[in-house]
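Q: Please take a close look at one part of this structure. I want the pairing and the side-chain contacts in one connected account.

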Amino acid sequence: MKFNLKLENIKYVKMFCKDSNGDSISIKTGIKSITESQIILLTRYSDSYTSIPPQEIDADIVCDDGIYSIKTRIKKVEKETPYIIYILESVQEMDYKQNREFFRIPYKTECICETNIQGENSQYCGETINISANGMKVVFPNCFITNGVCKISFIIENKKFELQSCYIRSENIDNEYLISFSFTKINDSDREFLLQFCLKQQL
């Protein structure tokens with residue numbers, strides 16, 4: 001697709017390149033500017049800085065709506081204290097990798113599903129298999145039927161979530177039950193936390 005990203009929608013750029021020793025590395029950078037002739041990235045200088053020669057590279061551009069990959073060339077690297085400036089050739093094309101709001105990552109953590117069926121409250125303990133900002137798949141030792149609505153509680157990085165959810169589907173594998181849920185009520189800050197968490201695990 002045509003490269004038409006706006007500067008204000010770009011969160012950061014991750015370059016995949018080789019250092020002066022020929023070792024493959026990745027560098028997370030901010031973006032300073034985009035013009036018809038070049039893309040300028042920057043990162044803070046540190047004692048661990050490794051010299052990067054001009055070369056062909058791949059890069060992932062992380063935006064509000066997903067990740068875009070490009071192929072370009074580092075033309076020049078400059079030091080402007082306290083930053084390292086990377087000057088890249090401009091590009092005409094990019095590939096859309098994924099919508100970060102919907103992609104799932106493998107992740108295991110304990111969770112509790114609370115249901116209310118005909119006025120009777122029940123709790124079921126399980127373990128997540130994967131998670132996204134919109135839902136999760138959980139394995140339970142027993143099968144249970146919900147009325148479609150339940151509450152899922154779990155903890156990620158010391159942050160506790162209690163999210164109203166909806167039962168989607170289930171499957172029986174090796175005497176365990178894999179149940180998929182969709183989050184039906186989640187505030188913006190919780191969704192953004194999950195988005196960022198999934199993205200960090202993916203990169």
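A: E162 has a relative accessibility of 45%, so it counts as partly exposed. The model is a predicted one. The salt-bridge partner of E162 is K160, with a side-chain N to O distance of 3.4 Å. K160 counts as exposed, because its relative accessibility is 55% and the cut-off for that class is over 50%. Side chains of opposite charge can pair when their charged atoms come close.

Strand 13 covers residues 159-173 and pairs with strand 12. The sense is antiparallel, and the pairing runs over 8 bridges.

Next, the turn. Strand 12 and strand 13 form a hairpin, with 2 residues between them. E157 sits in that turn and has a positive phi of about 50°. Its relative accessible area is 45%, so E157 is partly exposed. The side chain of E157 also makes a salt bridge, to K200, at 3.9 Å from N to O. This pair links distant parts of the chain. K200 belongs to helix 1 (residues 188-202), while E157 is in the loop between strand 12 and strand 13. The two residues are 43 apart.

Strand 12 has another neighbour. Strand 9 (residues 110-117) pairs with strand 12 (residues 149-156), again in the antiparallel sense. Here there are 5 bridges. Among the bridge partners is C150 in strand 12, which faces T115. Strand 12 therefore pairs with strand 9 and with strand 13, given that pairing takes at least two bridges.

Last, another contact of strand 13. K137 and E171 meet through their side chains in a salt bridge of 3.5 Å, N to O. K137 lies in strand 11 (residues 135-140) and E171 in strand 13, so this pair ties together parts that are 34 residues apart in sequence. K137 is partly exposed, with a relative accessible area of 21%. E171 is partly exposed too, at 35% relative accessibility. Buried would need under 20%.

How many salt bridges does the structure hold? The count is 8.

Definitions and conventions. Residues numbered from 1 in each chain as written. Predicted model: local features only at pLDDT ≥ 70, side-chain atom pairs only at ≥ 80, totals over all residues. Heavy atoms only, no water. Helix = DSSP H or I, 4+ residues; strand = E, 2+ residues; numbered from the N terminus. Salt bridge = Lys/Arg side-chain N within 4 Å of Asp/Glu carboxyl O. Buried < 20%, exposed > 50% of the residue type's maximum accessible area, 1.4 Å probe, protein only.
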